[in-house]
Amino acid sequence: MDLLTTALSGDPGACERAWRRSGRAPSAREVGWLHCAAAVGDIASVAELVLGAGHRVPATGVLGVYRRVVRDYAAADWSQAMSAVRELELSYAGDTLAHQAARLIAADICAARGESGQAAQWLDDAVPVPGLAVMRAWVRIGLLSRTGGDRRAAPLARRVSRRQRAAGQRAGLHLLLMRAVRTAAFADDHDGAAGLLEEIELLRDETGTEAAESLFLARALVHRDVHEARLAADLTRERGDLPSLMDSCLVIARFAEDPRPWLREAHGLATRCGASSLLERVRAVTRERGVPAPRARGRREALAATERRIIELIGEGLTNRQIALRLQVSEKTVENHLTRLFARTGCRSRVELAAASLGGRLTQAVT
């Protein structure tokens, strides 16, 4: 199997071995990125990592569009991520691995936004496939954490981890276990979190450096160690995974001596994502710790997030009344946002606004 074929297979173990045989020895950080990309089915990024900087996968086509889904999700630009999901659904017929993975990411976004019905629908639409078993469990744990099933997260993650390890398939397990240990710790499930720490330690022994981030985080949450928490958060920031950072900051704020910096970061990221269920958790931890509520950096930033969400919902075919119900605002507020958007963008209708957004022509207008 040549290097290109191996890269496009998405098998992180085979890719890593082929990468080393090619004479370009990957760093520990690159190996970690390789396993993260493989875990979410981002074959385009896997191929570019293995083949080197001179090989670029086009931004168009199924792989290119799906890579935008992954990158916009990680960058907390969830409106653009959802636009890319819809582009896959509408412009590229079929049920490829990328389609299934994009639906799983859409389910996770909707769950964090408090849209449990839409999250369940996206999850149902994603056909279970062996290559996305870990990612699917990761999404299910996210749904559990948003809907009060927190204590079911640890057993589910351990079952999946043991099954995958027994099969020699470890890609993405550290991401799954990190999400599970955050969920267990937030629910005060100390036994569950301790069991997950043991699972992560086993994974670290088997895989090495890509599990370091999950190990630091699990130790921090089980032992309430802020130093370990900072190490984990720094690695998550370096990886550019802002949704994971948001969740980590929120749970660390529950035991940090000074919770305010952690709450401010969680609040800012949740506002940026439009993650209403997480904003409610930020408010709950704020009350629990007895500190002043974090504030958004400015009304302009919050307004832009609302406008992006309105445009996104227009693209889904919702009426102003339906959008108002979804966002829990008045219909008049939605109309006011649209009036300002029409004035700033030059669009003359809702259809034109949605089309301009899908074409990527509104980035500056709503920021």
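1. Leaving aside neighbours within four places in sequence, Gln164 is in contact with Ala133, Val134, Gln169 and Leu173, contact being heavy atoms within 4.5 Å. Gln164 belongs to helix α10, residues 153-166, where helices are DSSP runs (H or I, at least four residues) numbered from the N terminus. With a relative accessible area of 9%, Gln164 is buried (under 20% relative accessible area, 1.4 Å probe, protein chains only).

2. The model is predicted: local features need pLDDT of at least 70, side-chain atom pairs count only at pLDDT 80 or more, and totals for chains, interfaces and linings use all residues. Residues are numbered from 1 along each chain as its sequence is written, and side-chain values use heavy atoms, with hydrogens and water left out.

3. Two cavities of 30 Å³ or more are present; a cavity is a set of points on a 1 Å grid over the protein atoms alone where a 1.4 Å probe fits but cannot get out. The largest cavity has a volume of about 120 Å³, a volume being the space filled by probe spheres set on the points, which are joined across faces, edges and corners.

4. Lining residues have an atom within 4 Å of a point; for the largest cavity they include Arg146, Arg179, Phe186, Asp247 and Arg281. At least two residues each come from α9 (133-146), α11 (173-186), α15 (242-252) and α17 (276-289), and α11 gives the most, with four.

5. Helix α15 is largely enclosed by the rest of the structure, because 11 of its 11 residues are buried. Among them are Met246, Asp247 and Leu250.

Methods:
On a 1 Å grid over the protein atoms alone, a cavity is a set of points where a 1.4 Å probe fits but cannot get out, and a pocket is an open set with protein on both sides within 12 Å along at least five of seven lines; lining residues have an atom within 4 Å of a point. Buried means under 20% relative accessible area, exposed over 50%, partly exposed in between (1.4 Å probe, protein chains only).
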